[in-house]
Amino acid sequence: MHEENSKHNHHIGYGTYVLVWLALLAFTSITVTVAGVSLGEYTLFVALSIAAIKSALVINIFMHIKFDEKIFKVFLLISGFTLLVIFILTFFDFIYR
Amino acid sequence: MNIHNESAAVHHHVHRDDIGAKMGMWLFLFTELLLFGGLFLVYAVYRYQHTEQFHLAAMELNTGIGTLNTVILLTSSLTVALSIAALQKGNKFLSILMLSLTLVFAFMFMINKYFEWSAKFSHGIYPGSDELLSLPNGQILFFGLYYVMTGLHGLHVLIGIIILSTILVMIIKNKITFDNYAKLENSGLYWHLVDLIWIFLFPLFYLIQ
């Protein structure tokens, strides 16, 4: 909560963690509720979007990546991008086979 | 004598590289990401191929127990984060309490998993069972992926329990302290990854109706 801008040894307060946890629970209840409603082809998109938001909260705050060395963020982007490329290439192969 | 002690302390300090340790942990986490990523890729292709069968098969899964386990894992992620924060502030007691709670949640997760899988087994749905093999191909694939992916995730929870228990003992014995908490932090990262994977497993298996 305090010293939000200090870069190194950044210590997040208990309150921030609890708020993030509450947000994660809220998103969980939203995704469960939405799953009961028929959204047709958007169902998967909505479920994955909510999962992505939850991941961003966990990675940024719980896993501290927002406050840590920049290089960790670079690693994360590279591995995420690698995964994305593998997915896209596989689906190209699969769909146009 | 004094000088000797001081140089020993400095020497000890130099040999610690917390950022290096954390970087190693992150690199390991990315191999984990690609391991599960491969499984998610298999899931994506088969779901695309057998959309209807995946929906039918997913009806068999217990959304209630899946939701409960989601809440349990999210809460355990909070407690491990609080445990780190508490130790950084020098509150050893709170840190131990929060880490113990994390372990309790981890066990609760595995107990739920046990009941969930037992129920499936008693309905004759387990890899290689006659009941399962009599189903259409898409449903066999769904349950195969269900067992492999939630099973591999469950294995990670078990490993997490072993790691976090070790860390707990080290905190109690003052091997991990408020100014030397890299091991606790890195174990926390591992635990958050287990939570992250579940965040995706949950909607993909339990919420497709």
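A salt bridge, as I use the term here, is a side-chain nitrogen of Lys or Arg within 4 Å of a carboxyl oxygen of Asp or Glu. The model before you is predicted; local features need pLDDT of at least 70, side-chain atom pairs count only at pLDDT 80 or more, and totals for chains, interfaces and linings use all residues. Residues are numbered from 1 along each chain as its sequence is written, chains are lettered from A in the order in which they are written, and side-chain values use heavy atoms, with hydrogens and water left out.

Between chain B and chain A there is 1 salt bridge. Its partners are Asp68(A) and Lys22(B), at 2.7 Å from N to O. On the side of chain B that touches chain A, at least two residues come from each of helices H2 (18-49), H4 (63-88) and H8 (182-206) of chain B, helices being DSSP runs of H or I with at least four residues, numbered from the N terminus. H2(B) provides the largest share, 17 residues.

Now to the extent of the interface. Contact, meaning heavy atoms within 4.5 Å, joins 45 residues of chain B to 42 residues of chain A. The buried area is about 3,900 Å², with 81% given by carbon and sulfur atoms; this is the accessible area (1.4 Å probe) that two parts lose on being put together, summed over both.

Finally, which helix of chain A gives the most to the nonpolar patch? That is helix H3, residues 70-95, with 7 residues. Tyr48(B), which lies in helix H2 of chain B, belongs to this surface patch together with residues of chain A, including Phe81(A) and Tyr96(A). Such patches are made of residues with over 30% relative accessible area and no salt bridge, with nonpolar side chains (Val, Leu, Ile, Met, Phe, Trp, Tyr) joined within 5 Å and like charges within 9 Å.

Technical notes
Areas by Shrake-Rupley, 256 points an atom, 1.4 Å probe, with all protein chains shown as cover.
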